[in-house]
Amino acid sequence: MRKAILGLDLGGTNIKSVLFDPAINKIITQGQKPTQAGFGISRVVDNIVSLIKDNLDAAKISRHKITALGIGSAGLVEKGMVRNSPNLPGWQGSVPLLKLIRNKMPGVDLPILIENDVNCLVAAEYAIGAAKGYSEVVGLAIGTGVGGGIIVGGKLVTGAHGGAGELGHMTVKMDGPLCKCGNHGCLEAMIGTDAIIQRFRQHSHSDATVTVAQISKLAKSKDPAAIKTLSETGKLLGVALASIANIFNPQVIVLGGGVIQAGRLLIDPAKQEMLKRVMPYNAKGLKIRTARLGPVAGAVGAAILTYSYSAK
Ligand SMILES: [Zn+2]
């Protein structure tokens with residue numbers, strides 16, 4: 001029997017799972033279940049536990065023994081407690097996720113690690129993705145929310161209470177728009193999907209329903225309002241990248257999340273703006289790369305972090 005780690009990524013829409021063989025860095029199987037966050041915390045925990053049980057059964061068939069479980073979740077995560085997870089309804093306070101899962105799995109005595117989802121994504125890109133081979137890495141995931149993860153000296157930086165790496169909540173515009181976290185002018189409030197859509201509506205003088213993917217497509221077909229939208233968003237991203245480069249002096253910044261699919265029309269203005277602002281020596285050799293592991297990165301990273309912390 002080979003040892004395997006089960007990695008889960010708790011998203012607002014789906015819970016993704018990978019059964020991961022850490023000895024050869026390989027995904028054995030992957031799966032998912034709807035999160036059903038609107039039905040409350042108890043239903044979400046039921047769905048997590050059901051996905052864990054499915055994987056325990058599947059592992060037996062593929063002759064693997066699951067030795068530990070890692071879960072990536074949005075929010076600030078400390079010792080199995082999830083705080084401030086605004087994209088899961090009803091999770092605004094503190095949710096003792098680890099305890100709730102354990103209560104519903106009597107007799108299953110696996111080590112369980114819960115970590116912030118973007119920290120998991122960055123850990124995966126660091127271990128086997130776009131930042132493989134580097135020790136100083138910062139990741140930024142841009143979607144509805146904007147999350148970050150920081151690796152210094154090959155180790156994830158978690159902070160005093162699990163809250164480090166919230167790069168989406170650095171202020172880039174004092175007195176800017178209100179962010180979900182309660183602050184004004186956070187990076188998330190300036191370059192998250194809602195902000196991009198709002199920017200496009202202004203430039204196109206329309207209030208049509210549109211997605212960031214559609215704006216990107218319009219920009220690629222040379223629509224001036226869409227190009228301007230991505231360029232301005234890119235510049236704001238560049239402001240943040242310059243701060244990140246000056247604070248952490250990383251070798252690689254990995255950009256992930258749905259918004260990054262916009263490609264060069266977003267990333268080129270970001271790089272140009274960063275280079276205008278960063279201390280030149282901190283930009284020396286700095287690589288800005290897009291994430292490589294796709295939608296399973298969070299679940300893979302949860303498995304990898306769990307393995308590196310507890311299960312060797
Ligand atoms: Zn914020």
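1. Which residues point one way from β12, and which the other way? Val252, Val254 and Gly256 point one way, Ile253 and Leu255 point the other, and all are buried, where buried means that 20 or more other C-beta atoms, placed from the backbone, lie within 10 Å of the residue's own. In a regular strand the side chains alternate between the two faces of the sheet.

2. This is a predicted model, in which local features need pLDDT of at least 70 and side-chain atom pairs count only at pLDDT 80 or more, while totals for chains, interfaces and linings use all residues. Residues are numbered from 1 along each chain as its sequence is written.

3. Because five of the five residues of strand β12 (residues 252-256) are buried, the strand is largely enclosed by the rest of the structure; strands are DSSP runs of E with at least two residues, and helices are runs of H or I with at least four, numbered from the N terminus.

4. Strand β9 (residues 137-142) pairs with β12 in the parallel sense over five bridges, pairing requiring at least two DSSP bridges, and leucine 140 has leucine 255 as its bridge partner in β12. β12 also pairs in the parallel sense with strand β13 (residues 287-290), over four bridges, and there the partner of valine 252 is lysine 287.

Conventions
Buried ≥ 20, exposed ≤ 12 C-beta atoms within 10 Å, placed from the backbone.
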